[in-house]
Amino acid sequence: MQPKDLTSVLKGAKPGEWLALSMDGTRILGRGDTPQQATKSAKEAGHDKIVLFNVPLPTVGIAASAL
Amino acid sequence: MRFPYTRIDASLPPRPYLNIFLRSGFATTSPVYGLVDSGADYSIFPASFAETLKLNLADGKPWNFRGTTGSLQIAYLFPVEMSVWDADNQALAFRFETEVSFCDDFKFPGGALLGQAGFLSHFKSTFEQPENFFDLEPYDPSSVVAREVRLDPDATKQCVSGLVVVSHLIHPQRKSHALGVVDSPVVSVHPIRNFLQLA
């Protein structure tokens, strides 16, 4: 199965910021420093259906998270 | 139900993300990316999600944890309702009552962590990393959100607790009938036996 690919839409996004992505993950509909700001930004642009995403530092992987 | 992995960085392997949202009372969060993480004891969300749900962190059950940095962090556990979107984000796949934690200084790629107790405890899970997908099958079939709606005027009637029965629904896995109720912001589906218990 092909993985979903968010690399294009995340290109150039600022690490740490919250994005309001379209449900198919292909467009940025809003952004902000908090989930609430990103949601509000998308709603003000007329978009209700969003998925929030917090942008990580590029090329930084993760290991077991909460031990 | 099968979900594809998600690649967020071309230099890193794809990961098992889901799109989920939380509800507490009448408050609902926006959907957010959550990483399914078998190394996490509980699910963890940034504290701002607790604000949206009108939950006061001080009222939660404290839970200490250490991430890979080794620093001690504290999160607060609350009962919530969690909903999971399907692989295409076209419809809800699962909804269930559970417990998640919120943490003031929690930041994670994507947004949230979906851990062992309260998330994986609800599913039989299989990860096929070389094939870039994972499967989740709920232990409780009633957590599956029905999709096929067949309106039945005879079923439309006032129900106990002021809920309005809007239709019969066909449960997608058990092939049995369930009832849908108006339960903003989405139509909520409950097995008929729940209504019988209420009555």
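In chain B, β3(B) and β4(B) form a hairpin with two residues between them, and B:Gly25 in the turn has a positive phi of about 60°. Strands here are DSSP runs of E with at least two residues, helices are runs of H or I with at least four, and both are numbered from the N terminus. This is a predicted model: local features need pLDDT of at least 70, side-chain atom pairs count only at pLDDT 80 or more, and totals for chains, interfaces and linings use all residues. Residues are numbered from 1 along each chain as its sequence is written, while chains are lettered from A and ligands numbered from 1 in the order in which they are written.

- β3(B) covers residues 17-24. Six of its eight residues are buried, so the strand is largely enclosed by the rest of the structure.
- Buried means that 20 or more other C-beta atoms lie within 10 Å of the residue's own; exposed means 12 or fewer, and partly exposed is in between, with C-beta atoms placed from the backbone.
- β3(B) pairs with β4(B), residues 27-28, in the antiparallel sense over two bridges. Pairing requires that DSSP finds at least two bridges between two strands. Here B:Arg23 stands opposite B:Thr28.
- β3(B) also runs antiparallel to β5(B), residues 32-36, and four bridges join them. B:Asn19 faces B:Tyr33 across this pair.
- Four bridges join β3(B) to β8(B), residues 72-85, again antiparallel. B:Arg23 stands opposite B:Glu81 in β8(B).
- In a regular strand the side chains alternate between the two faces of the sheet.

**The two chains**

- Chain A has two helices and four strands. Along the sequence they follow the pattern β-α-β-β-α-β.
- Of the 67 residues of chain A, 33% count as buried.
- Chain B has two helices and 17 strands. Of its 199 residues, 39% count as buried.
- Contacts, defined as C-beta atoms placed from the backbone and lying within 7 Å, can be sorted by sequence separation. Among contacts in chain A between residues at least 6 apart in sequence, 29% join residues at least 24 apart. The figure for chain B, on those cut-offs, is 52%.

**Where the chains meet**

- 29 residues of chain A are in contact with 38 residues of chain B.
- On chain A, the elements giving two or more residues to this side are β1 (4-5), α1 (7-10), α2 (35-44) and β4 (51-54). β4(A) gives the most, with four residues.
- By class, the chain A side has 17 nonpolar, nine polar and three charged residues. Ala, Val, Leu, Ile, Met, Phe, Trp, Tyr, Cys and Pro count as nonpolar, Asp, Glu, Lys and Arg as charged, and the others, Gly among them, as polar.
- β1(A) pairs with β2(B), residues 6-7, in the parallel sense over two bridges. A:Lys4 stands opposite B:Thr6 in this pair.

**Helix α2 of chain A**

- The buried residues of α2(A) are A:Pro35, A:Ala38, A:Thr39 and A:Ala42. Seen down the helix axis, they fall within an arc of 100°, so they line one face of the helix. The arc is that of the directions from the axis to the C-beta atoms.
- These buried residues pack against β2 (18-21), β3 (28-32) and β4 of chain A, together with β5 and α1 of chain B.
- Just after α2(A), A:Gly46 takes a positive phi of about 90°.

**Nonpolar core**

- The largest nonpolar core has 56 residues. Such a core is a set of buried Ala, Val, Leu, Ile, Met, Phe, Trp, Tyr and Cys residues joined through C-beta atoms within 7 Å.
- A:Ala20, A:Leu52, B:Ile44, B:Val84 and B:Phe102 touch the most other members.
- Leaving aside neighbours within four places in sequence, the contacts of B:Phe102 include B:Phe45, B:Phe49, B:Leu57, B:Tyr76 and B:Phe78.
- In soluble globular proteins, nonpolar side chains tend to be buried together.

**Positive phi outside glycine**

- B:Lys54 has a phi near 60°, a positive value in a residue other than glycine. B:Lys54 is in the loop between α1 (47-52) and β7 (61-66) of chain B. With 10 C-beta neighbours inside 10 Å, B:Lys54 counts as exposed.
- B:Asn132 has a positive phi of about 65° although it is not a glycine. B:Asn132 lies in the loop between β11 (123-128) and β12 (133-138) of chain B. B:Asn132 is partly exposed, with 19 other C-beta atoms within 10 Å.

Technical notes:
Two residues are in contact if their C-beta atoms, placed from the backbone, lie within 7 Å.
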